[in-house]
Structure formats: C-alpha cells, structure tokens
Amino acid sequence: AVEEDTGLVVGTADLNVPRGLVNNVYVQDRIRGLGIGTRLMQGVEQELLVQRSNDTNDQNTQNQNQKPTTLRLTVETTNTPAVALYKRLGFQTPGVHALTAAISSATRLTLLIEMTKQLSPPDQVQV
C-alpha cells in the first residue's frame, strides 16, 4: 500500500501462491486502524484466486476450478489486532502451535495460531 500524498510505502503483504500461504502482512503503526490491513488482505485473496484460476486454465482442468481455495497464515496470539482483523475477514483457527525461542539466554513460549479461510473461485463468489 502506498500513501497517496507522499508516495511512501505504508503497508505490504507477501503471498506464497503455490502454498496459499500469507507470509507477512505489515502496516505502519501511524496508519493502523484505517482499513489498510483489510484492503491488503482482500488484495491477497483476489490475487490467490486469479493465480489459481490462471493455473487451472493453463492445465485445462475444469474440476480443479470447482475446488475451494484455502488461504493460510499464522499469527502470534499476542498480536490481538491482527487476530481480530483475520477473524473479521472470515479466517478460522483450526489449531494452535507452540514455538519456543531463545532470547537473552531465557526461553520464551510464544503461541502461534494457524488460521485458514476457504475462498470461492471467481465464478462462485456470492454477492
């Protein structure tokens, strides 16, 4: 996302299309809460659907076009604004994973939530 007035990048989203995995979503602190994260995630969803549709068309396989597409991501449980955003966008939490990280010779336990969302192919999008 680029700020219109300054042309500065104020938010990014990174999607691994083959895996249907959102690697990272970032919005600068000063503009959080203005809908940038929502628009970035909507763009990610659309991009995944377009890329999967193109892959299906290239393979000439009609059955694959009918399968739902799953978008996945992980988020720290302590990142409550992000968890709330993803839930508002329809993501579900099928599991919780534990990640142990060594910090300053101490061990900290950070819980990660895996979230998924079933996307409909463009011809099945409900209005």
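I count two strands as paired if DSSP finds at least two bridges between them. The model is a predicted one, and in it I found six bridges joining strand E1 (residues 11–16) to E2, the two running antiparallel. Within this pairing I noted Gly11 opposite Val27 in E2. The hairpin of E1 and E2 has four residues between the strands, and there I read a positive phi near 65° for Gly20.

Nonpolar side chains tend to be buried together in soluble globular proteins. The largest core here has 19 residues, and I listed Met41, Leu71, Leu73, Val75, Tyr86 and Phe91 as those with the most contacts inside it. H1, E3, H3 and strand E5 (106–119) are the elements that give two or more residues to this core. I also recorded a second, separate core of five residues, which includes Val10, Ile31, Ile36 and Leu40.

I then followed Leu71 by itself: leaving aside residues up to four places away in sequence, Leu71 touches, among others, Leu15, Gly20, Val22, Met41, Phe91 and Leu119.

Last, I asked which residues lie nearest the centre of the largest pocket. They are Val25, Asn79, Ala82, Leu85 and Tyr86, out of a lining of 26 residues, and the volume of the largest pocket came to about 590 Å³. Strand E2 (21–27), helix H1 (36–59), strand E3 (69–76) and helix H3 (80–88) each supply at least two residues of that lining, which I sorted into 15 nonpolar, eight polar and three charged residues.

Terms used:
Residues numbered from 1 in each chain as written. Predicted model: local features only at pLDDT ≥ 70, side-chain atom pairs only at ≥ 80, totals over all residues. Heavy atoms only, no water. 1 Å grid on protein atoms, 1.4 Å probe; cavity = no way out; pocket = protein on both sides within 12 Å on 5 of 7 lines; lining within 4 Å. Points joined across faces, edges and corners; volume = space filled by probe spheres on them. Nonpolar A, V, L, I, M, F, W, Y, C, P; charged D, E, K, R; others polar. Core = buried A, V, L, I, M, F, W, Y, C linked by side-chain atoms within 4.5 Å. Buried < 20%, exposed > 50% of the residue type's maximum accessible area, 1.4 Å probe, protein only. Contact = heavy atoms within 4.5 Å.
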